Amino acid sequence: MISIDEIKSGSEHSFTEVFNEFYTRVYRFFLKKTRSPEYARELVQLTFIKLWQFRHTLSEEYSLDIQLFNIAGTTLIDFLRQQNSQRKMLSQLAVRTAQEEVSAERSSGNDFEEADYLHSLTRTLPPVRKKVFILSRVHGQSYKEIAEQLSISSKTVEDHMVKALRHLRSLY
């Protein structure tokens, strides 16, 4: 049986014995939690590195396996937090990239073509209906905002949009 005092004193032989005795149990613990042999091996290494680095803080009151699995538990928590943080960063990066792609598409040389196409579609609409359609679809304003801006009711704005869309669909 390996004593905690031997490990605390820095005995590499005792540490090697602890490593050999507990490696499989700690590995299975991490494998069960992560379901990844690669992560499990990495976390076992980190656990034993922490055991060695903080060996002076080991307590005589608790058995070595309890203290080792406490270290393993905190190592797992740190790992899961890091994974969660990376997942969030990747998600934010994906959203930002998608927004940049949309922005790049809009700002490319197609602006003139899009404006020309939109003008050709809406030129047959009555002036108020055309204005309502452009404010809604191009500028992204709500029916309420359009109603306030044009001094008409929201229901009238809705009616203009329904008729404009029906008319534009009939052109196809």
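**Entry 1: overall layout and confidence**

I followed the elements from the N terminus, and they run α-α-α-α-α-α-α-α. The protein has 172 residues, of which 26% count as buried. Its accessible surface comes to about 12,100 Å², and carbon and sulfur atoms account for 53% of that surface. I then turned to contacts between residues at least 6 apart in sequence, and 58% of these join residues at least 24 apart.

I also checked the confidence of the prediction. The average pLDDT of the protein is 85, and 85% of the residues score at least 70. Where is confidence lowest, and where is it highest? The lowest mean, 64, belongs to helix H5 (residues 110-122), while H3 has the highest, at 95.

**Entry 2: the nonpolar cores**

I next looked up the nonpolar cores. The largest one has 21 residues. Those with the most contacts inside this core are Val18, Phe22, Val26, Phe30, Phe48, Leu51 and Leu64. Which elements give two or more residues to this core? They are helix H1 (4-8), H2, H3 and H4.

I took Val18 as one example. Neighbours within four places in sequence aside, Val18 is in contact with Ile2, Ile7, Tyr23, Phe48, Leu51 and Leu64. I also recorded a second, separate core of eleven residues, and Phe133, Leu135, Ala147 and Ala164 are among its members.

**Entry 3: Thr47**

I then examined Thr47, a residue of helix H3. Is Thr47 buried or exposed? Thr47 counts as buried, because its relative accessibility is 0% and the cut-off for burial is under 20%. With residues up to four places away in sequence not counted, Thr47 touches Phe30, Leu68, Ile71, Ala72 and Thr75.

**Entry 4: aromatic pairs**

I looked for aromatic rings that pair, and the structure holds eight such pairs.

Phe19 is partly exposed, at a relative accessible area of 23%, whereas Phe48 counts as buried, at 3% relative accessibility. I found Phe48 again in a cluster that ring pairs build from Phe15, Phe19, Tyr23, Tyr27, Phe48 and Trp52. Phe48 is also listed with the residues that have the most contacts inside the largest nonpolar core.

**Entry 5: salt bridges**

I closed with the charged side chains. Side chains of opposite charge can pair when their charged atoms come close. How many salt bridges does the count come to? The count comes to four salt bridges, and I looked up several of them in turn.

Arg25 and Asp65 meet through their side chains in a salt bridge, at 3.8 Å from N to O. Arg25 lies in helix H2 (residues 12-34) and Asp65 in helix H4 (residues 64-107), so the pair ties together parts that are 40 residues apart in sequence. Arg25 is partly exposed, with a relative accessible area of 41%, and Asp65 is partly exposed, at 26%.

Lys50 and Asp78 form a salt bridge at 3.2 Å, N to O. Here Lys50 belongs to helix H3 (residues 37-53) and Asp78 to helix H4, so parts that are 28 residues apart in sequence are tied together. I noted Lys50 as partly exposed, at 21%, and Asp78 as partly exposed, at 39%.

The side chains of Glu158 and Lys155 also meet in a salt bridge, at 4.0 Å from N to O. This pair sits in helix H8 (residues 154-170), where the two residues are three apart and thus separated by about one helical turn. Glu158 counts as partly exposed, at 34% relative accessibility, while Lys155 is exposed, with a relative accessible area of 60%.

Definitions and conventions. Residues are numbered from 1 along each chain as its sequence is written. This is a predicted model: local features need pLDDT of at least 70, side-chain atom pairs count only at pLDDT 80 or more; totals for chains, interfaces and linings use all residues. Side-chain values use heavy atoms; hydrogens and water are left out. Helices (H or I, at least four residues) and strands (E, at least two) are DSSP runs, numbered from the N terminus. Buried means under 20% relative accessible area, exposed over 50%, partly exposed in between (1.4 Å probe, protein chains only). A nonpolar core is a set of buried Ala, Val, Leu, Ile, Met, Phe, Trp, Tyr and Cys residues joined through side-chain atoms within 4.5 Å. Contact means heavy atoms within 4.5 Å. pLDDT is the predictor's confidence in each residue, from 0 to 100. Accessible areas come from the Shrake-Rupley method with a 1.4 Å probe; for residues, only the protein chains shown count as cover. Rings of Phe, Tyr and Trp (its six-membered ring) pair if their centres lie within 6.5 Å; planes under 30 degrees apart count as stacked, over 60 as edge-to-face and the rest as tilted.
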